[in-house]
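Here are some notes to read with the model open beside you. They take the cavity, then the disulfide, then one of the sheets.

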Amino acid sequence: MFLRLVTLGEGAEDTRRRVMRSEVTSIQPETAPGVLGAFGRARLLTFDHDPETREPTVEVAHEALLQEWRRLRSWLDNSRADIRMQRVLANAASEWESNQHNTGYLLRDTRLDQFEAWAASSNIALTELEADYLAASLVERRARQVEEDKRLAREAATERRSRNFLRGLVAVLTIATIVAVVLTIFAFNQREEARYSAATAQAEALARATQQGIAESEADLRATQQAIAEGEANARATAEAIAIEERDKVLRQASVTLAGKARELKELGDPELAVLLTMAVLEEYPYTPQAEKVLAESVVEVPTARLKPGNGNSSWLAVAWSPKENRIATAIFGEYLEPTILIHDPQTETEILEITLGVDCSTAFNIAWSPSGDRLIAIPQFCDFAPQVLDVQSGELLITLASEPEQANFSAAWSPDGKSILTGSLDGTLRIWDAQSGNKLRDILAHDNYLTRVAWSPAGDLLATGSDDDKAKLWDSQTGELLHILSGYQGDIVGLSWSPDSEEIAVVSLDSTTMVWNAKTGESLFSLDGHDDQVRDVAWSPDAETIATDSRDGLTRFWKADTGKYLFGLQNQLEEQQVLNSIDWSPNGDQLVIMGVEYNQVWDISTKPPLLSGHTRGLNAAQWSPDGKLIATAGLDNMIGIWDAFTGEMKATLQQTGEVEDIAWSPDGSQLAASSLGGGLQVWDIDSQTYHTLPGSEGFSFDNLSWSPLGSKFVASSKKDLVSFIWDLNTGQVKRLEQENLVCYLASPSWSPKGDRFITGCEMEGKDSPARFWDAETGRELNRLESNDGSSQLVAWSPDGQWIAVGYSEMIIRIYEAASLQPMGRFSRHHDRLVDLRFSPNSQRVVSIDAGRRGLVWDIHMEDEVWSFQTTRTPSSIDWSPEGDYVIAATLDPLPMFEQVWQSLETLLNYAAESVKGRELDAKQRQQFGLLQE
């Protein structure tokens, strides 16, 4: 097969040859497709379509294989003459076929003898067309031979008739005189003819026997040759399979090694390069779960956009998002660079404007946008340089806020109406300026030391100052009266951020303390604790829901603004020696810009999961509705929350009489079944928020609920009471599942997609107990899944009905084929008690979670995870979103935890390609990592 995919070089290197796939598969129609598929997965072959006919084509994946694959090189060297003969035969056969099998195009005479002998001795297999063409040529030759034999026979018969006529004439002329002699001769001739005929018949019989023997010998010889050829072909196939297996093993190890390099890149702060490397590995090397896992870990750390400075030697100082337009301003300086402001478009990552301030100052400075977004103020720090107000369209200097050198300013803020500017100076003075004329309006001696931060409240009535005296203060903007001193810090104040309603303010100190204060009373509300290094900036989101803090510990963290609850974090790629940090929200709150080391990062916060805040205690369950539009949560606070899955808005609260044990959506999403502690089963109508209780459930505490796919039946089980029931929701009939000779907790019921049966675990402490199948109509046990892995605690039927997952007390999860109940896979990566497991919507992956707070996503055909995550508190349930892009975990925390996942490698690769905007490794990087050369 491979010999057909090579064009022999005449005085040059051999090259790849693109061949119609039909040509290759016609050699061995039964096995060729499988062989092609195997070589394709091993990345030895690539497939495409002919641009004119659109027929499928196949070719060798890389030219390098023709030189580096020694076995293929040996085949080529030993078969060059055969390949040339095959190509001539193929061309002749193609002409014959294109001319409607015209016999004039068939092989003849010496040329036919040459190809006949070659075909008998060559190891190259012929396609069906080539074999038919050679066979037709041989048939045509045999037909010509038959016609020639007939002609010779006719000539011989004519000659015999002429000879007999002459003999008869002589006999007539002499008959009168020599009758006796004639009679004697006649008698003698008759006897001789009889003998001749007998001898001829005997010779012909002997000839026929000889010919038959020769034919049989030739047949035996052909059979022997065919057996030898098949043996050689099998030997070659075996050798090729071994070579492919060895090559695949080497490439798999290379994939694991390269995945390790990618993880190092991610940990060193270059997640994008890690993504590019693992994408190349997954696309060009045999698949390994290690490579996929590193890609999944790295891609979540790649920002939406990267804004680079125009000068490679420059340093970032401050970043600010325009309040009106999609523009980001960055202050930079460098050893050979004047103080400069760059304005970028974050959507295109392009620089729109560069403003050089034209002053002799190479120290840090700050910037602030006007509320209208048409002006910027640039503020020096420790520099003999007055603040400048600049036009952001032209870069033109509009006004300068003149001050004495010893009163140099450190930070500034605009009033909400844009009419005034607030600056904080090195001498501790707070100054208010007219934003149009640049005239000073008022001085307020605010602190004894220099002012590090100033901020004007959104309502315009309050001013905030921070100083290196470890204090922040609040002032009346009209009178300049001091209202509150916000103390308790042990470091410089480096960040101030007002809530959008001006009711609260967040204050950051270099002692890594971030506190939120009530601006009206000066009372400390809560602190945002969790960073492992200095916190350098804080920003309140425009929707007032979230507070972001930036730190040198490598994380930008997000907190719930009303409680200080930690939500999630982003890698900020800061370095330990970086002095300044700066973050800012986009005007709509969908994005956040973070000042980095080599470039600014822009993150799309809108793609993060919603915040479901409303429970006061931990959760027992959290589930998406079947259409993915709603999420239901079951709390220890006796409440069920119904939430908008996209915005996090609470749609309804369903109050229960006790702690909510479990919930289950109806297949159409219109109803929700809920079980509360000792309160039986209620079925809630989501629209009307009314419920009815299932008969016979009163007094029981059901902790496992499951709705049949058609919505007509419902099964529930109770660990506390060791009972399980089936309800027919159409008739109201209820049946109890009966167990013979064994009492166990029928855990985690899961329906078959057809709804005719379901499976449960059989949880018994300290025993091997099999999972069980039940008939949905009668409630009778149908079958069992025997196992030696302990008690069957969890079960799940895949959405496509092909697979069943069973989790056991020995922390083993097994995958069974649903039709045959044969075990197909075994997963043993958990090291603590299993809590829950769920199939992905495409049925190819499982998410499982254990009491050790470790969640794992794994492929059912492998025994290694492709993604892992940790919950903050002990989990109670896990669920997969209908789209397959997130899982939600219910834990002892009042807030459910979301984790981004991918249910297939294809979706992950597509997501990664979008994250890096189609960028790929360049030739130098490929060489650096030792990747296969194209």
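1. A search of the whole structure turns up 1 cavity of 30 Å³ or more. Here a cavity is a set of points, on a 1 Å grid over the protein atoms alone, where a 1.4 Å probe fits but cannot get out. The largest cavity holds about 30 Å³ of space, a volume being the space filled by probe spheres set on the points, with grid points joined across faces, edges and corners.

2. Before going on, a word on the source: this is a predicted model, in which local features need pLDDT of at least 70 and side-chain atom pairs count only at pLDDT 80 or more, while totals for chains, interfaces and linings use all residues. Residues are numbered from 1 along each chain as its sequence is written, and side-chain values use heavy atoms, with hydrogens and water left out.

3. Which residues line the largest cavity? They are Glu-292, Ala-296, Arg-845, Val-857, Val-866, Trp-867, Trp-902 and Leu-908, where a lining residue has an atom within 4 Å of a point. Helix H10 (289–299) and strand E57 (865–870) are the elements that give two or more residues to this lining. Helices (H or I, at least four residues) and strands (E, at least two) are DSSP runs, numbered from the N terminus.

4. By residue class, the lining of the largest cavity has 6 nonpolar, no polar and 2 charged residues. In this count Ala, Val, Leu, Ile, Met, Phe, Trp, Tyr, Cys and Pro are nonpolar, Asp, Glu, Lys and Arg are charged, and the others, Gly among them, are polar.

5. There is 1 disulfide in the structure, meaning a pair of cysteine sulfur atoms within 2.5 Å. Cys-744 and Cys-762 form it, with S to S at 2.0 Å. The torsion about their S-S bond is about -115°, so the disulfide is left-handed. Cys-744 sits in the loop between strand E45 (734–736) and strand E46 (750–751), and Cys-762 in the loop between strand E47 (757–760) and strand E48 (771–775), so the pair ties together parts that are 18 residues apart in sequence.

6. Are these cysteines buried or exposed? Cys-744 is buried at 2% relative accessible area, and Cys-762 is buried at 0%. Buried means under 20% relative accessible area, exposed over 50%, and partly exposed in between (1.4 Å probe, protein chains only).

7. Last, an open sheet: 4 strands in the order E27-E28-E29-E30, with antiparallel pairing. Strands E27 (535–540) and E30 (566–571) are the edges, each pairing on one side only. Strands E28 (546–551) and E29 (555–560) pair over 5 bridges; two strands count as paired if DSSP finds at least two bridges between them. Asp-550 has Thr-556 in E29 as its bridge partner.

Note on methods: On a 1 Å grid over the protein atoms alone, a cavity is a set of points where a 1.4 Å probe fits but cannot get out, and a pocket is an open set with protein on both sides within 12 Å along at least five of seven lines; lining residues have an atom within 4 Å of a point.
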